[in-house]
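Here is a short briefing for a reader new to this structure. Look over the sequence and the model, then take the points below by topic.

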Amino acid sequence: MTAAIPNRNPVKGSAVLITGCSSGIGRESALLLARRGFTVLAGVRRDADADALRSLNLPDLVPVCPLDLTNHEHITAAVEFVADELRRRKLAGLFALVNNAGGGQPAPVELLDLERFSTELRTRVLGSVDLVQQCLPLIRPARGRILWIMTPALMPTPFVASIHACDFAVDCIVRTLDIELKPWGVPNVRINCGGIRTPAGLRTTGDVETLLKQGPPERIGLYVDALRRWAREMAEFDRNRTDPAKVAEKVCTALSAERPKRRYSVGYMAHAARLLYTTS
Ligand SMILES: NC(=O)c1ccc[n+]([C@@H]2O[C@H](COP(=O)([O-])OP(=O)(O)OC[C@H]3O[C@@H](n4cnc5c(N)ncnc54)[C@H](OP(=O)(O)O)[C@@H]3O)[C@@H](O)[C@H]2O)c1
């Protein structure tokens with residue numbers, strides 16, 4: 001394994017496409033990278049979020065909108081937009097794709113909302129693969145890389161099965177891509193995040209309350225004690241969550257390294273979770 005070179009200046013202007021830049025880790029990473037000299041193509045779903053990014057007046061921060069990963073047409077149009085922007089800026093290719101967009105629902109498997117679960121899978125797994133497929137012709141000429149923002153907790157954990165199911169699938173895809181894309185020198189890098197202080201992260205306890213209120217009464221009663229206990233533990237966990245700026249720094253490190261590591265860990269409990277996984 002080769003050591004990363006932190007904060008080395010990237011080749012001026014190297015282009016990076018990041019998904020899910022309206023808030024949290026994606027937004028924080030987009031801003032940091034644009035300030036560090038990358039050209040950042042920042043995917044968002046809504047015009048208002050694109051306008052918010054434009055209003056920052058960062059010349060190297062370009063919103064890509066609408067980019068909803070559940071929508072194949074959005075992905076195709078976004079990649080065309082990126083290709084045009086690369087031509088306009090006379091860049092040889094896309095230096096990096098950062099697959100970040102996603103969200104989850106805390107619930108016992110018995111009570112998972114299947115419509116939402118389907119959206120999670122289409123966003124985190126199918127949409128990301130669709131984007132990778134369409135971006136690879138732009139990534140190869142730049143000898144670029146693909147980063148994946150994910151959890152390290154690849155062990156079964158009660159009440160977060162939909163999130164972790166996506167991570168299991170993504171983990172398999174990342175490690176397979178890392179082998180398949182070796183001939184073109186396109187590494188696939190996991191950024192394993194522990195607890196990060198973002199809107200999604202902090203929604204967990206509220207989502208549990210909603211589930212307790214709106215779940216099917218005859219079933220929710222079976223889980224009420226365990227869910228309440230877990231929500232109390234999560235409230236404690238929330239107090240220790242890590243600033244998303246730390247993830248943005250890790251993303252920058254992985255992009256600035258001449259030969260990135262296969263995996264970076266960042267955030268509250270990320271190392272402990274990784275240790276549990278490797279020893280289980
Ligand atoms: N926070 C943590 O503790 C933590 C830990 C490990 C991994 N992660 C992962 O980190 C990633 C970013 O999450 P975050 O914590 O930064 O939460 P966040 O602030 O809620 O950001 C999630 C981003 O994903 C976007 N998004 C959701 N569904 C999308 C879709 N179908 N198409 C395109 N964009 C979509 C959201 O856009 P809208 O504003 O339009 O909804 C938002 O920009 C997620 O994949 C999450 O699983 C987070």
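Where is the place of Arg-190? Arg-190 sits in strand β6. Keep in mind that this model is predicted.

**Arg-190 and its partner**

- Arg-190 is buried, with a relative accessible area of 6%.
- The side chain of Arg-190 meets that of Asp-171 in a salt bridge, 2.8 Å from N to O.
- Asp-171 is buried, as is Arg-190.

**Other salt bridges**

- Side chains of opposite charge can pair when their charged atoms come close.
- The count of salt bridges comes to 16.
- One of them joins the side chains of Arg-45 and Asp-68, at 3.5 Å from N to O.
- This pair links distant parts of the chain, 23 residues apart. Arg-45 is in the loop between β2 (39–43) and α2 (47–54). Asp-68 is in the loop between β3 (61–64) and α3 (72–88).
- Asp-68 is buried, because its relative accessible area is 17% and buried means under 20%.
- Asp-238 forms a salt bridge with Arg-241, and their closest N and O atoms are 2.7 Å apart. Asp-238 is buried, and Arg-241 is buried too.
- A network of salt bridges links Asp-60, Glu-85, Arg-88 and Arg-89.

**Around the ligand**

- There are 29 residues around the ligand. Ser-22, Ser-23, Arg-45, Asn-100 and Thr-198 come nearest.
- By class, this shell has eleven nonpolar, twelve polar and six charged residues.
- Which elements each supply at least two residues of the shell? They are α1 (24–35), α4 (114–139), β5 (145–150) and α6 (199–202).
- Asp-68, the salt-bridge partner of Arg-45, also faces the ligand with its side chain: an N or O atom there is 3.0 Å from a nitrogen atom of the ligand.
- Backbone atoms take part as well. A polar backbone atom of Gly-194 is 3.3 Å from an oxygen atom of the ligand. A polar backbone atom of Ala-200 is 3.5 Å from an oxygen atom of the ligand.
- On its own, the ligand has 900 Å² of accessible area, and the protein covers 89% of that.

**Cysteines**

- How many disulfides does the structure hold? The structure holds zero.
- A disulfide needs the two sulfur atoms within 2.5 Å.
- Cys-172 is partly exposed, at a relative accessible area of 47%.
- For Cys-193, the closest cysteine sulfur is in Cys-21, 14 Å away, and this too is too far for a bond.
- Cys-193 is buried, with a relative accessible area of 7%.

How values were computed:
Residues are numbered from 1 along each chain as its sequence is written. This is a predicted model: local features need pLDDT of at least 70, side-chain atom pairs count only at pLDDT 80 or more; totals for chains, interfaces and linings use all residues. Side-chain values use heavy atoms; hydrogens and water are left out. A residue is near a molecule or strand if one of its heavy atoms lies within 4 Å of it. A polar contact is a pair of N or O atoms within 3.5 Å; within protein, one must be able to donate a hydrogen and the other to accept it, and residues adjacent in sequence count only if both atoms are side-chain atoms. Accessible areas come from the Shrake-Rupley method with a 1.4 Å probe; for residues, only the protein chains shown count as cover. Helices (H or I, at least four residues) and strands (E, at least two) are DSSP runs, numbered from the N terminus. Ala, Val, Leu, Ile, Met, Phe, Trp, Tyr, Cys and Pro count as nonpolar, Asp, Glu, Lys and Arg as charged, and the others, Gly among them, as polar. Buried means under 20% relative accessible area, exposed over 50%, partly exposed in between (1.4 Å probe, protein chains only). A salt bridge is a side-chain nitrogen of Lys or Arg within 4 Å of a carboxyl oxygen of Asp or Glu.
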